[in-house]
Amino acid sequence: MVQVLLFFVLLSTGFSQESSARLLKTEETFSFLVLVTLCSLIFYFIQQAKSGKKLWIRRIPALASVEEAVGRATEMGKACVFIPGIMDIDDIQTLAGLNILGSVARKTAEYDTDLKVPVAKSMVLSTAQDVVKEAYYRTGHPDTFNEGNIQFVTDDQFAFAASVNGTLVREKPAAIIMLGTFYAESLLIAETGNHIGAIQIAGTAETSQLPFFVASCDYVLIGEELFAASAYLSNDPMLLGSLKGQDYAKMLLIVFMLYGVFAELSIRFFGFPEFLSLIQYL
Amino acid sequence: MLEFLKNLDRRYIFVLIALAVAIPLIMPLGLPLTPGPEAKSMYKVVDSLEPGSKLVLSFDYDPASKAELHPMSEAIIHHAFRKKLKVYAISLYPAGPSMATNAFANMSKDKEVVYGKDYINLGFYYGPNTGLNQVAVFSQDIVNAFPVDERKKPVGSYEIMSGFKSLKDADAVISISAGDPGVPAYVSVANAIHNIKVGAGVTAVSAPRFYAYMDSGQIFGLLGGLRGAAEYETLEKIKGKGLSGMDAQSMAHLVIILLIILSNIIYIIEKKD
Amino acid sequence: MKREIPLMITFFTCAILLLQFIVDLPILDRMTNSINDSTSIVATFAMVLGLASLANVHLNKIYKKRRDWGYSIILMLGFVITLVLGCLHGVDKEYSEALTKVQYEAMALENQTLKKSGEKEIHNLVVKSNYYFVRNTDKVVVTKDIFDHLKAQGTPVEEETLYSVDRENRLFYTLIFENIYDPLQATMFSLLAFFMASAAFRAFRAKSFEATLLLLSAFLVMMGRVPIGEMIGSMIGLNAFFPDTSDFIMKVFNTAGQRAIMIGATLGMVASSFRMWIGLETEHLGRD
């Protein structure tokens with residue numbers, strides 16, 4: 001972590017000396033400063049958490065219901081399906097989904113419930129296999145791990161939806177968890193899940209797909225909740241610290257927004273253009 | 001009756017929707033349409049380009065969303081050919097170039113336009129990271145990304161390519177996009193970093209997301225779904241597939257509204273009981 | 001070590017990409033390009049891995065005659081047929097087939113006969129020449145200009161004429177792509193309309209104040225987005241009421257909500273990326 005801090009400090013020094021040498025892309029100054037501030041806040045609260053300060057996170061119903069969903073699948077003797085979106089491993093939402101897959105797999109391993117993971121990208125396949133395998137080993141159930149349950153289907157969006165829908169209709173799983181990047185296939189899968197009566201938990205940062213998930217699923221993780229999920233599920237103080245830092249960054253942004261609104265209003269109603277100079281600079 | 005409606009099999013709903021869509025397609029109603037401000041803004045920018053200006057059209061969709069997005073592409077190409085603009089087709093989707101080939105073939109009929117002089121189909125360029133890398137490459141050096149065009153000939157041999165080295169040389173870029181990669185990549189890289197004018201044509205489902213980009217001036221125009229295509233066709237004064245599909249969409253919306261009303265009546269009766 | 005190596009790669013790759021974003025150094029641009037190229041190469045190899053896994057799972061299913069093994073046969077047939085046809089003539093709309101001079105002349109004659117009788121030519125014939133400068137036994141490719149210049153000087157040169165015909169890729173492009181893949185994709189996308197209707201029937205109920213607001217805004221937007229809304233509006237004396245209200249809802253409430261979710265999600269993405277960069281979040285890396 002020290003090297004990260006050092007990295008930012010060195011770069012910031014570079015910005016302060018920008019007039020002497022054209023080494024830094026000055027047009028990116030604002031973006032860079034935002035990034036440094038955000039990362040510093042996260043870093044500070046991680047350190048706070050490390051020093052033993054207690055941190056609290058509000059209850060997220062969708063995540064609290066993961067256990068309920070797996071429990072229901074166990075009671076009914078049916079499988080649990082986890083879909084980490086349709087994008088590749090370089091998509092941060094896919095990674096967030098895979099981070100949660102570990103927790104889900106630990107629960108299915110403990111309850112001895114089948115966990116099926118259809119994936120749309122081959123890079124995600126090997127990662128998902130590793131994540132599930134680790135969960136089964138860590139909980140002491142390596143014998144029940146079935147590599148064939150984590151399956152590459154196709155990287156074509158609608159062919160993937162067709163295949164998953166076919167699996168859902170034929171096998172009628174009791175629980176379906178969809179966490180990652182989803183596009184038009186979101187409604188196709190979620191409606192089929194709803195039709196077969198499965199308990200459904202979904203989460204994505206794709207704003208255009210959220211209404212479909214809300215209409216068809218029992219619980220939905222909206223936007224940033226998806227990225228907070230791993231911290232919530234693991235309860236790791238360091239991860240919780242990073243969430244706190246993120247919240248403070250959000251507050252800072254709200255202050256900026258309020259300033260923008262105030263500046264705009266001051267010009268409209270009082271004719272004070274001075275307030276805008278900072279915004280124009282940014 | 002109430003029991004039947006309460007547990008209405010969704011197949012009845014499917015039949016109703018199928019009829020609502022099919023009947024107006026067979027017997028068009030010819031309902032008039034008033035273009036919205038987003039489509040007007042898109043049309044105005046393209047219309048303001050001088051003859052010989054460079055318009056890049058990114059075909060970021062495949063057959064799945066062809067019905068919704070292809071009419072947009074065709075209307076824009078029609079407008080560009082009429083205005084004697086140079087049209088460059090690129091794609092972030094593997095199936096995009098064949099969409100471009102089809103749109104150019106349909107729109108170049110009966111028009112004095114020559115491939116390689118008035119328009120070109122540069123093809124598909126693969127790259128990771130949901131289009132960001134591809135658009136970054138296009139913004140720096142487009143010839144490096146597309147050494148040969150869709151007809152497998154060196155792009156340097158075409159007249160249209162002189163003076164067109166990167167997206168920065170384009171007078172406007174319009175991404176007709178079914179999702180990612182598509183408009184977000186052009187907004188994040190071409191517009192935010194290189195100040196290139198970007199317009200968007202998207203599916204109706206994803207259109208709400210892009211109103212924020214329109215409001216902040218990151219895109220100069222927005223065509224949402226079949227209605228967007230119909231609006232552009234109205235402005236361009238042509239009768240394309242967008243306008244002919246609007247009757248079907250009207251009836252489908254009406255059926256859904258009636259279904260919602262029905263479901264609420266059932267809910268109220270149930271509550272009273 | 002299984003975790004340390006990926007963590008180190010992640011850290012250095014992120015650092016280079018971040019530096020390239022803000023520092024103007026050609027070496028960083030080159031390194032970024034190399035990283036992007038490497039990602040493409042790894043992704044391409046991973047594609048083979050995925051296909052191998054797919055084939056393995058379904059062949060096993062067929063071999064052991066597990067439940068629904070019939071579907072696996074269809075999948076494998078589609079897989080093999082598409083692969084073979086694609087390998088034979090490529091995936092483009094047209095493919096080029098090499099001809100001998102005799103074959104070329106026969107086809108050219110056929111074209112001429114058709115042209116004379118006022119019909120359209122049926123063979124899309126292509127003649128291409130390659131030019132060489134000959135030195136001992138070696139041949140060096142040169143351009144037409146250089147070839148003409150060398151020939152005029154009396155230097156040994158050689159011209160090779162290649163005959164080919166451009167044929168329509170009927171098997172792959174027309175049959176598989178246009179006649180099977182296209183309609184299947186369009187069918188899946190069209191299903192959305194049906195599923196949306198059934199979801200709306202079930203979900204849009206005035207159960208609470210918020211649900212009623214949602215219901216009303218859905219009604220107004222749906223009416224405002226189609227011409228029939230304008231028509232009904234003018235029939236009841238509210239000319240542009242539906243389109244204007246729909247625009248207002250989309251621009252004000254929708255944009256505000258979208259922005260709030262987008263900003264929150266972006267902050268979450270940055271925080272998540274930062275956690276991965278510094279090695280705090282490692283669940284996705286799998287087993288130690």
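**Close-up views of a predicted three-chain model**

**View 1. The interface of chain A and chain C.** Across this interface, 13 residue pairs are in polar contact, both residues being at pLDDT 80 or more; a polar contact is a pair of N or O atoms within 3.5 Å, where within protein one must be able to donate a hydrogen and the other to accept it, and residues adjacent in sequence count only if both atoms are side-chain atoms. H5(A) supplies the largest share of the side of chain A that touches chain C, 11 residues. By class, that side has 42 nonpolar, 18 polar and 14 charged residues (Ala, Val, Leu, Ile, Met, Phe, Trp, Tyr, Cys and Pro count as nonpolar, Asp, Glu, Lys and Arg as charged, and the others, Gly among them, as polar). In contact are 74 residues of chain A and 63 residues of chain C, contact meaning heavy atoms within 4.5 Å. The two chains bury about 6,000 Å² between them, 70% of it from carbon and sulfur atoms; buried area is the accessible area (1.4 Å probe) that two parts lose on being put together, summed over both.

The structure is a predicted model, in which local features need pLDDT of at least 70, side-chain atom pairs count only at pLDDT 80 or more, and totals for chains, interfaces and linings use all residues. Residues are numbered from 1 along each chain as its sequence is written, chains are lettered from A and ligands numbered from 1 in the order in which they are written, and side-chain values use heavy atoms, with hydrogens and water left out.

**View 2. Salt bridges between chain A and chain C.** The rule finds 2 salt bridges across this interface, a salt bridge being a side-chain nitrogen of Lys or Arg within 4 Å of a carboxyl oxygen of Asp or Glu. A:Glu191 forms a salt bridge with C:Arg202, and their closest N and O atoms are 2.7 Å apart. Within chain C, the side chains of C:Asp68 and C:Arg67 meet in a salt bridge at 3.8 Å, N to O. Salt bridges that share partners join A:Arg170, C:Arg67 and C:Asp68 into one network. C:Arg67 is exposed at 55% relative accessible area, while C:Asp68 is partly exposed at 23% (buried means under 20% relative accessible area, exposed over 50%, partly exposed in between, with a 1.4 Å probe and protein chains only).

**View 3. The interface of chain A and chain B.** Here 13 residues of chain A are in contact with 10 residues of chain B. About 980 Å² is buried between the two chains, 53% of it on carbon and sulfur atoms. The count of salt bridges between them is 1: A:Glu206 pairs with B:Arg209, the closest N and O atoms being 3.1 Å apart. The residues of chain A that touch chain B divide into 4 nonpolar, 4 polar and 5 charged.

View 4. A:Arg138 and A:Glu134 form a salt bridge with closest N and O atoms 2.4 Å apart. Both residues lie in helix H5 (residues 122-138) of chain A, 4 residues apart, and are therefore separated by about one helical turn. Helices (H or I, at least four residues) and strands (E, at least two) are DSSP runs, numbered from the N terminus. A:Arg138 is exposed, with a relative accessible area of 52%, whereas A:Glu134 counts as buried at 6%.

**View 5. A salt bridge between two helices of chain B.** The side chains of B:Asp47 and B:Arg82 meet at 3.8 Å, N to O. B:Asp47 belongs to helix H3 (residues 37-48) and B:Arg82 to helix H4 (residues 66-82), and the pair links parts of the chain 35 residues apart. Both partners are partly exposed, B:Asp47 at 29% and B:Arg82 at 45%.

**View 6. The surroundings of B:Ser177.** B:Ser177 lies in strand E4 (residues 172-177) of chain B and counts as buried at 1% relative accessibility. The B:Ser177 side chain reaches the backbone oxygen of B:Gly179 at 3.0 Å. Leaving out residues up to four places away in sequence, B:Ser177 touches B:Asp60, B:Leu69, B:Gly182, B:Val183, B:Gly201, B:Val202 and B:Thr203.
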